[in-house]
Amino acid sequence: MRFSDPPQDSDLPKGVRDFLPLKAAKLEFLQQQLRKVYSAWGFHPVIPPQLEFLDVLERGLGEGLRERAFRFDDRQSNRLLAFPPDMTAQIARIAATRMSQMLLPLRLCYNGRVLRHTEQQAGKDRDIFQSGVELIGLDSPEADAEMIAMTIEALSAVGADRFTVDIGQMEFFRGVMDGLPVDRQQAELIADAILRKDSSELDLLLADTSISDRTRSEIQALPRLFGGREVLELAEKSVSNDRSRRALDNLADILDVLETYGVSEHVTIDLGELRGLNYHTGMTFQGFLPGLGRSICSGGRYNTLMAQYGLDVPATGFTFSLLHLLFALDKNLDQTIAPGTDLLVYSTGDHLRAAQKLARQLRQRGYSVARDIIRRRIDETLVYARQMNYRYVAVVATEDLEIELISLADSSRSRINWQQIQHPDFTLY
Amino acid sequence: MNDWITFALPKGRIMQDSMELFSKIGITCPEMNENSRKLVFENPELKLRFMAVRATDVPTYVEYGCADLGVVGKDTLLEQGKKLYEPLDLKFGYCRLVVAEPKGMENSDNPLNWSNIRVATKYPNITERYFAARGIQVELIKLYGSIELAPLVGLSERIVDLVSTGGTLKANNMVEVETIAEITSRLIVNRASLKTKHQRIRAIIDGLEKVIGDEVRISQ
């Protein structure tokens with residue numbers, strides 16, 4: 001390769017890609033499996049638009065997402081438009097405006113694509129496939145537990161065998177930090193050190209403040225408050241303020257419900273998990289698969305979001321990042337997804353009617369069937385069929401002669417006659 | 001392989017220091033003592049694996065989950081800004097990241113007067129952030145080694161580089177002007193590993209925390 005080689009004129013911008021049939025089939029499978037879980041829990045799909053007014057959309061976006069929306073001028077309205085970088089804000093808008101007269105709670109789900117600006121870094125997607133749910137109008141541990149239990153069911157449904165859903169609680173941290181003599185910047189640095197579990201940095205930051213020894217040890221405990229349910233007891237001992245204690249009670253209630261649902265084995269707790277601190281108001285969670293450094297789904301409570309659109313009701317939800325999921329499960333899905341088509345119908349002579357009739361009859365029986373319309377030698381057709389993942393090739397002459405079936409798996413040949421196909425018990429394999 | 005724990009360690013002295021510390025909590029790898037050119041060492045009894053990689057690549061292996069844990073200098077973490085947990089300061093590999101300049105320059109030059117300067121460094125991100133925070137524009141020259149050479153041949157006026165004893169600077173007739181950060185080696189952990197293997201990793205963190213010395217030390 002030379003650097004002077006011009007790029008192909010049919011290339012793509014960074015961060016977007018084409019999905020060829022096998023990958024597309026896998027993605028579709030993931031979407032279907034998730035949708036089945038949503039439906040089983042009583043959630044109904046909504047489809048938001050792919051363009052919104054920027055100022056309307058921005059009201060529902062957390063800080064990190066606002067600057068990541070693709071935006072441009074709209075000649076029709078003379079306002080700024082944006083491609084949504086996240087669907088939660090859109091669902092919140094729909095629920096708070098168009099559906100505001102409906103009785104609560106609302107159980108809504110979505111499947112769609114959003115666009116995001118990303119740092120100029122290799123491998124970061126700008127075209128993001130989201131799938132998730134919003135449970136609107138409930139502020140209870142049972143509702144939060146529902147989100148976690150559904151996430152766990154969804155992960156099982158897509159074939160993930162080992163995974164962890166890690167639960168946090170923003171109110172615990174807020175309770176510890178309430179009324180401390182630190183400015184906003186210091187508080188952000190402290191939160192960042194806790195987020196990275198960087199105890200030594202945290203010690204340095206706290207040394208510069210006039211925080212009391214008691215509170216200092218509360219903060220210093222945060223990077224280590226992760227693990228199983230025992231974390232709640234440890235945390236209980238380490239804090240004295242009411243707000244943090246209420247957060248722990250809330251988590252304990254959630255864990256009780258999860259136990260009833262039989263999914264506790266997948267759950268861990270991390271009270272130092274502060275992602276989305278400016279957006280989430282209570283419980284948060286993220287799904288992890290072993291060996292994949294980033295989370296594949298995330299969710300939590302955001303009780304202030306709906307009010308941005310004029311309906312002051314609590315809400316909780318989660319989103320899956322389908323491309324992260326696809327990346328993680330790609331190999332597992334090879335076993336689940338059998339790409340390809342049942343049958344390719346080859347005609348030996350000019351009596352195309354027979355070939356067409358066979359194709360039609362087998363399609364009616366539920367098989368996927370394609371006609372090898374090109375005139376070519378049978379060996380060429382077999383090469384083609386193999387590459388395109390057909391399971392069988394049917395060689396048809398006329399409506400009086402038997403049909404030869406060639407299996408592409410083992411090259412075995414067999415013959416069937418037209419009466420057999422008519423029989424109700426007929427199966428291709 | 002899922003219940004194994006994999007470490008990414010930088011080849012050389014830091015790897016020795018790491019294994020010495022790890023051995024205090026029973027993390028060992030006899031295979032490593034054999035003289036070999038291997039890059040991956042295993043202790044199947046304890047289900048442990050160790051990868052020897054370049055120091056600057058350690059965060060990448062851990063971020064992508066090829067390794068659950070790693071040991072790397074704070075300088076590399078500051079420079080790369082990856083999403084990792086860094087729960088422990090291991091206190092070895094101590095050095096400082098400093099701004100240095102040729103001897104004699106300091107007489108004619110007050111840092112308060114800097115507005116636009118040229119700096120050679122292996123750490124362009126840290127250097128840019130450090131000077132930007134002070135309102136100084138820098139022209140960065142990224143080098144991969146022998147940074148001290150740059151001012152001698154007029155490539156830059158100053159350098160940002162690691163100093164442990166100061167011997168190299170002295171030998172090249174340079175002096176430190178400012179310290180940007182004190183550096184030690186850190187234990188880093190992949191985010192998903194901490195969640196999905198929390199029992200084993202928690203035991204490692206808690207165990208190491210108890211055996212890390214109080215004093216920082218230089219690794220040579």
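This is a predicted model: local features need pLDDT of at least 70, side-chain atom pairs count only at pLDDT 80 or more; totals for chains, interfaces and linings use all residues.
Colleague: What should I know about numbering and cut-offs before I look?
Modeller: Residues count from 1 along each chain as its sequence is written, and chains are lettered from A in the order in which they are written. Local features need pLDDT of at least 70, side-chain atom pairs count only at pLDDT 80 or more, and side-chain values use heavy atoms, with hydrogens and water left out.

Colleague: How many salt bridges does a search of the whole structure find?
Modeller: A salt bridge here is a side-chain nitrogen of Lys or Arg within 4 Å of a carboxyl oxygen of Asp or Glu. Over all chains, the search gives 52.

Colleague: Which residue of chain A meets K195(B) in a salt bridge?
Modeller: K195(B) sits in helix α8 (residues 191–196) of chain B, and the pair crosses over to strand β9 (residues 267–270) of chain A; helices (H or I, at least four residues) and strands (E, at least two) are DSSP runs, numbered from the N terminus. Both partners are buried, meaning under 20% relative accessible area, with exposed over 50% and partly exposed in between (1.4 Å probe, protein chains only). At 2.7 Å, N to O, the partner is D270(A).

Colleague: How far apart in sequence are the parts that R17(A) and D125(A) tie together?
Modeller: Their side chains meet in a salt bridge at 2.9 Å, N to O. R17(A) lies in the segment before α1 (21–40) of chain A and D125(A) in the loop between β5 and β6 (127–136), so the parts tied together are separated by 108 residues.

Colleague: At what angle do the axes of α7 and α8 of chain A cross?
Modeller: Axes are lines fitted to C-alpha atoms, for helices over the stretch in contact, and angles run from 0 to 180 degrees between N-to-C directions. Helix α7 (residues 184–195) and helix α8 (residues 199–207) of chain A have axes that come within 8 Å and cross at roughly 160°.

Colleague: How does that make α7(A) run relative to α8(A)?
Modeller: Angles under 35 degrees count as roughly parallel, over 145 as roughly antiparallel, 65 to 115 as roughly perpendicular and the rest as oblique. So α7(A) is, relative to α8(A), roughly antiparallel.
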